[in-house]
Amino acid sequence: MTTAAMPSARTPRIPPLEAPFPEPIADLLARMNPPGRPEILALFRVLAINPELAERTLGLGRYLLGRKAAVSLRDREVVITRACARCGAEYEWGVHVAAFADAAGFSEVDRRVMASVIEDVELLAPRDRLLVQMVDQLHDRSDIDDALWQSLGEHWTHAQLIELMMIAGWYHAVSYVCNAARVPLEKWAARW
């Protein structure tokens with residue numbers, strides 16, 4: 001990983017909640033955790049320390065990752081993995097690569113390029129390259145230049161562009177929590 005990656009073996013600043021959970025927290029965590037995943041993700045156990053806020057993240061998170069989203073799984077995973085990589089959030093990047101990269105059809109080259117600021121983005125498919133450039137500009141400038149905006153508009157509707165920008169921003173927020181709280185890495189997740 002060649003972004004500003006954070007060291008992975010760090011003591012959590014906000015330790016994830018541990019079982020047994022009080023009933024309202026147990027219910028919240030069950031609703032937050034992906035179906036079929038036996039252990040509750042460390043990030044969710046950190047977010048549940050503020051249950052009111054965690055409860056309110058459910059709707060947006062479910063929409064952005066759900067079947068009713070306006071953009072494809074591949075498009076959103078390109079945005080998510082690039083945003084997490086640019087923020088140096090190995091936790092969330094690794095969870096998404098492990099959980100969604102195969103379903104999104106990512107090759108090893110895709111994974112490597114999206115996780116690095118020094119790899120040649122020209123190695124990516126044109127649509128993926130546009131999304132990576134969008135994330136990079138949003139990360140670096142909090143804006144998108146006119147030329148890129150025009151190119152994005154040739155592939156995605158305004159509604160889809162709003163969603164893609166919201167995904168990038170949402171995963172910046174998630175990355176901030178992962179990094180600053182020092183959420184411990186999941187054993188099964190991908191690593192830089």
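Arginine 129 is placed in helix α7. The model described here is predicted. With a relative accessible area of 17%, arginine 129 counts as buried, because the cut-off for buried is under 20%. A polar atom of the arginine 129 side chain lies 3.3 Å from the backbone oxygen of glutamate 122. When neighbours within four places in sequence are left aside, the contacts of arginine 129 are Val121, Glu122 and Leu124.

The largest nonpolar core holds 54 residues, and those with the most contacts inside it are Val79, Tyr91, Met134, Leu152, Trp156 and Leu164. Helix α9, residues 158–180, supplies the largest share of this core, with seven residues.

| Residue | In contact with |
|---|---|
| Tyrosine 91 | Leu41, Ala42, Leu43, Cys178, Val183, Pro184, Leu185 and Glu186 |
| Arginine 129 | Val121, Glu122 and Leu124 |

Helix α9 consists of 23 residues, and its span from first to last C-alpha is 33 Å, close to the 33 Å expected at 1.5 Å a residue. Buried residues of α9 include Gln160, Leu161, Glu163, Leu164, Ile167, Ala168, Tyr171 and His172. Val174, Ser175, Cys178 and Asn179 of α9 are also buried. The helices that the buried residues of α9 pack against are α2 (42–47), α3 (51–65), α4 (73–86), α5 (90–100), α7 (126–141) and α8 (146–153). After α9 comes arginine 182, which has a positive phi, near 55°.

Note on methods. Residues are numbered from 1 along each chain as its sequence is written. This is a predicted model: local features need pLDDT of at least 70, side-chain atom pairs count only at pLDDT 80 or more; totals for chains, interfaces and linings use all residues. Side-chain values use heavy atoms; hydrogens and water are left out. A nonpolar core is a set of buried Ala, Val, Leu, Ile, Met, Phe, Trp, Tyr and Cys residues joined through side-chain atoms within 4.5 Å. Buried means under 20% relative accessible area, exposed over 50%, partly exposed in between (1.4 Å probe, protein chains only). Helices (H or I, at least four residues) and strands (E, at least two) are DSSP runs, numbered from the N terminus. Contact means heavy atoms within 4.5 Å. The expected span of a helix is 1.5 Å times one less than its number of residues. A polar contact is a pair of N or O atoms within 3.5 Å; within protein, one must be able to donate a hydrogen and the other to accept it, and residues adjacent in sequence count only if both atoms are side-chain atoms.
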